[in-house]
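Here's a quick briefing to read with the model open in your viewer.

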Amino acid sequence: HSYTTIGWILQFSSLSAKSYRLSKIVNNLGMQRRVVKAKNMIKIIVIPLLLDLIIVVIWTIIDPLEYVREIESIAMDGNIQIVESYGQCNSQHQNWFILTLALIHFALMVGTNIILFNIREVTSRYQERIHVTLACAFVAQVLVVGLPILFAVG
């Protein structure tokens with residue numbers, strides 16, 4: 001779970017940082033020289049990444065995921081024993097940690113889309129509005145298809 005959350009944060013926070021820098025340059029109404037420092041961009045990437053890492057580390061220390069295998073049936077076929085089983089990782093309070101991570105990811109996704117909406121007139125050569133929109137659509141598709149399946153099976 002930590003690799004997924006780190007990948008998500010790095011993907012969207014990098015796009016947020018680039019889009020933020022572009023918005024500062026494009027929305028410069030006075031046409032003055034505008035300097036957007038790297039430390040401002042790093043904050044946009046590091047703060048959500050640290051939040052995610054803190055939550056994942058606390059989750060791992062307090063309530064680590066544990067793999068549990070359940071045996072559904074045992075049958076005999078001649079001298080061969082056939083065991084049907086399934087396994088999954090669970091923790092007692094995983095829903096709270098997943099919800100917290102999901103809220104951070106959702107806030108970052110919404111923030112990125114707001115910045116991109118504000119610079120929508122800029123040519124696609126300089127911004128990734130279409131790519132982010134597609135990524136958000138794919139996430140929505142996974143949620144619409146995956147969550148009902150998760151609850152039906154789980």
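**A residue in between**

Ile98 comes out as partly exposed, with a relative accessible area of 43%. Keep in mind that we're looking at a predicted model here. Ile98 sits in helix H3, and its C-alpha atom is separated by 13 Å from that of Leu51, a residue 47 places away along the chain.

**Aromatic pairs**

- A pair of aromatic rings is described by the distance of the centres and the angle of the planes. How many aromatic pairs does the count come to? The count comes to two.
- Take Trp8 and Phe12: their ring centres are 4.7 Å apart and the planes make an angle of 35°, so this pair is tilted. The cut-off explains the label, because stacked needs planes under 30 degrees apart and edge-to-face needs over 60.
- Trp8 and Phe12 both belong to helix H1 (residues 2–26), and because they are four residues apart there, about one helical turn separates them.
- Buried or exposed? Trp8 is buried, with a relative accessible area of 18%, and Phe12 is buried too, at 0%.

- Where is Ser91 placed? Look in the loop between strand S2 (80–90) and helix H3 (94–118).
- Ser91 is in a loop, yet this serine is buried, with 12% relative accessible area.
- A polar contact of 3.4 Å links the side chain of Ser91 to that of Asp63.
- Leaving aside residues up to four places away in sequence, Ser91 touches Trp59, Asp63, Pro64 and Leu65.

**Ser19 in helix H1**

- Ser19 is another serine to check, and this one lies in helix H1. Its relative accessible area is 2%, so Ser19 is buried.
- Which backbone oxygen lies 2.8 Å from a polar atom of the Ser19 side chain? That would be the one of Leu15.
- Again skipping residues up to four places away in sequence, Ser19 touches Ile115, Leu116 and Ile119.

**A nonpolar patch on the surface**

- Now for the outside: a nonpolar surface patch is formed by Ile42, Val46, Leu50, Leu53, Ile54, Val57, Ile58, Ile61 and Ile62. Together these residues have about 800 Å² of accessible area.
- Ile61, one of the patch residues, lies in helix H2 (residues 38–62).
- Ile61 counts as exposed because its relative accessibility is 65% and the limit for exposed is over 50%.

Methods
Residues numbered from 1 in each chain as written. Predicted model: local features only at pLDDT ≥ 70, side-chain atom pairs only at ≥ 80, totals over all residues. Heavy atoms only, no water. Helix = DSSP H or I, 4+ residues; strand = E, 2+ residues; numbered from the N terminus. Buried < 20%, exposed > 50% of the residue type's maximum accessible area, 1.4 Å probe, protein only. Polar contact = N/O pair within 3.5 Å; in protein donor to acceptor, adjacent residues only side chain to side chain. Contact = heavy atoms within 4.5 Å. Patch = residues over 30% accessible without salt bridge, like charges linked within 9 Å, V, L, I, M, F, W, Y side chains within 5 Å. Areas by Shrake-Rupley, 256 points an atom, 1.4 Å probe, with all protein chains shown as cover. Salt bridge = Lys/Arg side-chain N within 4 Å of Asp/Glu carboxyl O. Phe/Tyr/Trp six-rings, centres within 6.5 Å; stacked < 30°, edge-to-face > 60°.
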